[in-house]
Amino acid sequence: HFTATLAGGWQPVKGWSGVIRSLENRGAIPFVLQAPAPLKISDGQFSLTDFVLKLPSGSLHLQSLQKNGNRLQSRGRASGIALTTLTKLSESMQQGTPDGALADTLTGTLTFGADWSLDADRFIDGSVRVFREGGDVTVRAGNTLAPLTLGLSKLALRADIVKNALKLQFEMEGARAGNSCFSGSTRIGGVPGGWSLPATSPLQMSGTANLPTLAWIGPVIGQPGLDLEGRLALAVSASGTLGAPVLAGQINGDQLGLRWVEQGVKLRNGVLRAQLQDDRLLLKQLAFEGDQGSLNVQGEARFANARPSVQMTLTADRLLAFSSPERLLVVSGESRITLDDKRLQLNGKFKAERAMIELPAESGPTISDDVVVLGREPGGKSGSAGKALPLQVDVMLDLGERFFIKGKGLDAQVGGSLRVRVD
């Protein structure tokens, strides 16, 4: 429910001049205008000043927003904006996201402030700051026994622009969030009204991060059912251009763990050793132990010419890959994963050392063809889904001598080999 009241008048030369007397939204993100705000509109010109919105928590003060021909100027500040307000705003902007999913995952007393001053004409000049004013974040993961409070003491992002030269700085400090500090610079390209960051823009970046725990990462990236453990440390730098970065640095992880209860996946005692070199990420070691067996991954990713490519080799040695009441699989073998801008390829050869697959007793409920789900395209596809890369699969599975299937009246041991091909 949105209502607005304006008052003013039109003159042939000066255009429209008046005030926004009232403005109110009673929807998902309610707000109300605190006081009348002067507004002027004419040919090629626009001016809005002293525009103050009261939000459920905090306020947004647009001191000025002015356009005169190609020149655009804005100044303002925000204060007391609660994390809960931002999570609701994020959910309202994302199709297919269940209402309250993000707000239930990220809670707490964290509040943000911000200020900005921008002047865009022949060049862009100005600054933007977003920072923690107070409070903390509590992360609630689907499989975590207790909510995790990050213990934040600092969270800040700053951008400074001088004649299109852009400098960025990010800082985070917290008892469980760890310490992270990144800074970088590049140059904004384009023309007034069509600014951009072209691939040829120069790049300078450096930063460090030390994360004492990864338990909060899964929920933050939208996977509340994924439990991550361990610690991570990295030191990176970059030069070159945005389209062809020259990278250097190290990424190390210890005591890594991954638990995905829904899929019956549990890995522990993980070690990560990776190196950034020129346009490549060299994955020298990524090793995990399962409740039984081990998993090792090696390979590299390249970022040349804004066309990422990946080549990885995955090796399983009597690995308990899945362990749940419905399925158990112990597997050995090797797979090669290749990704480029044209296709995703998966090739491999595995042997099932032991397997028990229980088929579901009944099929789950289905939606009738005449039912339309808002935010979802026909066929169950998300309205925001992008175009998928072509997939090529060629995997051979030796079923071994202990592969059992139960359910739907079947209780059998199967053998032989199974080849899966997708093209």
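**Exercise 1.** In this predicted model, determine how many bridges join strand β10 to strand β13 and in which sense the two strands run, and then follow β13 to its pairing with β14.

*Solution.* Begin with strand β10 (residues 124–134) and strand β13 (residues 152–162), which run antiparallel and are joined by six bridges. Within this pairing, Arg129 has Arg158 of β13 standing opposite. Next, take β13 together with strand β14 (residues 165–174), where the pairing is again in the antiparallel sense and extends over 10 bridges. Here Ala159 faces Leu168 in β14 as its opposite residue. Finally, inspect the connection: β13 and β14 form a hairpin with two residues between them, and Lys163 in the turn has a positive phi of about 50°.

**Exercise 2.** Classify the geometry of the aromatic pair formed by the rings of Phe2 and Phe31, and decide whether each residue is buried or exposed.

*Solution.* The count of aromatic pairs comes to one. The ring centres of Phe2 and Phe31 are 6.4 Å apart and the planes stand at 70°, so the pair is edge-to-face, given that angles over 60 degrees fall in that class. The pair links distant parts of the chain, since Phe2 belongs to strand β1 (residues 2–11) and Phe31 to strand β3 (residues 31–33), 29 residues apart. As for accessibility, Phe2 is exposed at a relative accessible area of 53%, whereas Phe31, at 19%, counts as buried.

**Exercise 3.** Identify which strand contributes the largest share of the nonpolar patch, and describe the accessibility of Leu418.

*Solution.* The nonpolar surface patch, of about 440 Å², is made by Leu344, Leu389, Leu391, Leu418, Val420 and Val422. Its largest share, three residues, comes from strand β32 (residues 417–422). Leu418 is found in that strand, β32, and with a relative accessible area of 43% Leu418 is partly exposed.

Note on methods: Residues numbered from 1 in each chain as written. Predicted model: local features only at pLDDT ≥ 70, side-chain atom pairs only at ≥ 80, totals over all residues. Heavy atoms only, no water. Phe/Tyr/Trp six-rings, centres within 6.5 Å; stacked < 30°, edge-to-face > 60°. Helix = DSSP H or I, 4+ residues; strand = E, 2+ residues; numbered from the N terminus. Buried < 20%, exposed > 50% of the residue type's maximum accessible area, 1.4 Å probe, protein only. Patch = residues over 30% accessible without salt bridge, like charges linked within 9 Å, V, L, I, M, F, W, Y side chains within 5 Å. Areas by Shrake-Rupley, 256 points an atom, 1.4 Å probe, with all protein chains shown as cover. Salt bridge = Lys/Arg side-chain N within 4 Å of Asp/Glu carboxyl O. Pairing = 2+ DSSP bridges.
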